[in-house]
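Thank you all for coming; I would like to walk you slowly through one structure this morning.

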Amino acid sequence: MAAPGENLKINADRLWDSLMEMAKIGPGVAGGNNRQTLTDEDGEGRALFQKWCEAVGCTMGLDSMGNMFAELAGTDPDALPVYVGSHLDTQPTGGKYDGVLGVLGGLEILRTMKDLGIKTKHPIVVTNWTNEEGTRYAPAMLASGVFAGVHTEEWAYAKEDADGKTFGSELDRIGWKGDEPVGARKDKMHAFFELHIEQGPILEAEGKDIGVVTHGQGLSWTQVTVTGKDSHTGSTPMPMRKNAGLGMARILNKVDEIAWSHKPHAVGAAGHIDVYPNSRNVIPGKVVFTVDFRSPDLSVIEDMEARLRVDAQAICNEMGLGVEFEKVGGFDPVTFDEGCVSAVRAAAERLGYSHMNLISGAGHDACWINKCAPTAMVMCPCVDGLSHNEAEEISKEWASAGTDVLMHAVLETAQIVE
């Protein structure tokens, strides 16, 4: 198939302006964004995205999980679409680029095609996947997981946030529940590409413009509940305490040891921690926290999970505490499609951008869509590797380089019609 010309590039200023315009919706308190899934702000961001897509001439599909599909028709009505996209939802203290760059980068491809009169044999579909972040409703990549058949829709609808509001009711409330059955498209995809900021420090440290993502780390989330006994911090003698907070501290020290034992590629920590009753003068009677283990090797993940349960149980037995474990999320390591990965690498070379192979340390919708269609990811650097933080930052040049590579890989796969 013919490759796009090396001079074909997106409009960097327009892409950047779109990123900044989207960032005005759900502003954070420190320069980033709080546009959590299925909030009013999420609905507002979706509406802006749809408006922009329709201006390019797209038709908008919407499935029953709220996944959005903006389609630009191809010249062959029988050709399967090439999909591209990511997510518009953010962390509570999220940045302006995580996920959003992948969605608006896809939009910029369509805008550039319109500007230059480019047609492709295959349709191109820009996707916004619902609830990638998994903060308000665990697990992460929830809607793409339902789309791929990993989760059931009923299970996802019943998920509750911290206020007891269900995913299904909030999707209805904001008005973004579609009629299209979720997953109806999964066997009708030619390929899927996702552009994302690295969320790590490697590309910047190595001075590379582009990360060619060959694999994705596997992930395991285990929710641990430790129960002790609420009691007064001042009047309870040390030998008579059942301190759930101290039990958690000892378990988390063990989590760190377990991850270090599988260096250099394994990682582990707890990011979500709830302490009860969370009062200054009450010894915690219960703590609930989620241990996040990751590795590109499934056997390593399984070892870390098993050791967590054995070691945490031993710690709690010794301290007279109760402990329960629940697997609340996870996916196996991913190997992306060789053909799609090669298209990304060739695009970077054609455009003269420096590049290197990467293993993604974070989970992405592409990890689930890889089960449905040939898939690959493109990554651009981010300053100091910082993400899931309002201080997350990238440069206009990094954003445009990543989107240029994305566009070339997508157009080559969708087959430009001369």
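Let me begin with helix 8, where the buried residues are A244, G245, G247, M248, I251, V255, I258 and A259. Before I go on, please keep in mind that this is a predicted model. If you look down the axis of helix 8, its buried residues fall within an arc of 145°, so they line one face of the helix. There is a general point behind this, namely that an α-helix has 3.6 residues a turn, so residues three or four places apart point the same way.

What do the buried residues of helix 8 pack against? Their partners are strand 8 (218-227), strand 10 (267-276), strand 12 (286-295) and helix 9 (298-319). As for the length of helix 8, which runs over residues 244-260, its 17 residues should span 24 Å at 1.5 Å a residue, and its end C-alpha atoms are 25 Å apart, which agrees.

Now to helix 9, in which V300, I301, M304, E305, L308, A312, I315, C316 and M319 are buried. These residues cover an arc of only 135° around the axis, which puts them on the same side of helix 9, while V310, N317 and E318 are exposed on the other side. The buried residues of helix 9 pack against strand 8, helix 8, strand 10, strand 12 and strand 13 (322-331).

Not counting residues up to four places away in sequence, A270 touches L252, F289, T290 and V291.

As for annotation, an unreviewed UniProt entry places the feature "domain: Peptidase M20 dimerisation" at residues 217-310, a span that is 32% helix and 36% strand.

Finally, let us turn to the nonpolar cores. The largest has 101 residues, and those with the most contacts inside it include M22, F49, L101 and F193. Helix 12 (residues 396-414) gives the most to this core, with 10 residues.

Methods
Residues are numbered from 1 along each chain as its sequence is written. This is a predicted model: local features need pLDDT of at least 70, side-chain atom pairs count only at pLDDT 80 or more; totals for chains, interfaces and linings use all residues. Side-chain values use heavy atoms; hydrogens and water are left out. UniProt positions are given in the numbering used here, feature names are shortened, and annotations may be inferred rather than shown by experiment. Helices (H or I, at least four residues) and strands (E, at least two) are DSSP runs, numbered from the N terminus. A nonpolar core is a set of buried Ala, Val, Leu, Ile, Met, Phe, Trp, Tyr and Cys residues joined through side-chain atoms within 4.5 Å. Buried means under 20% relative accessible area, exposed over 50%, partly exposed in between (1.4 Å probe, protein chains only). The expected span of a helix is 1.5 Å times one less than its number of residues. The arc is that of the directions from the helix axis to the C-beta atoms. Contact means heavy atoms within 4.5 Å.
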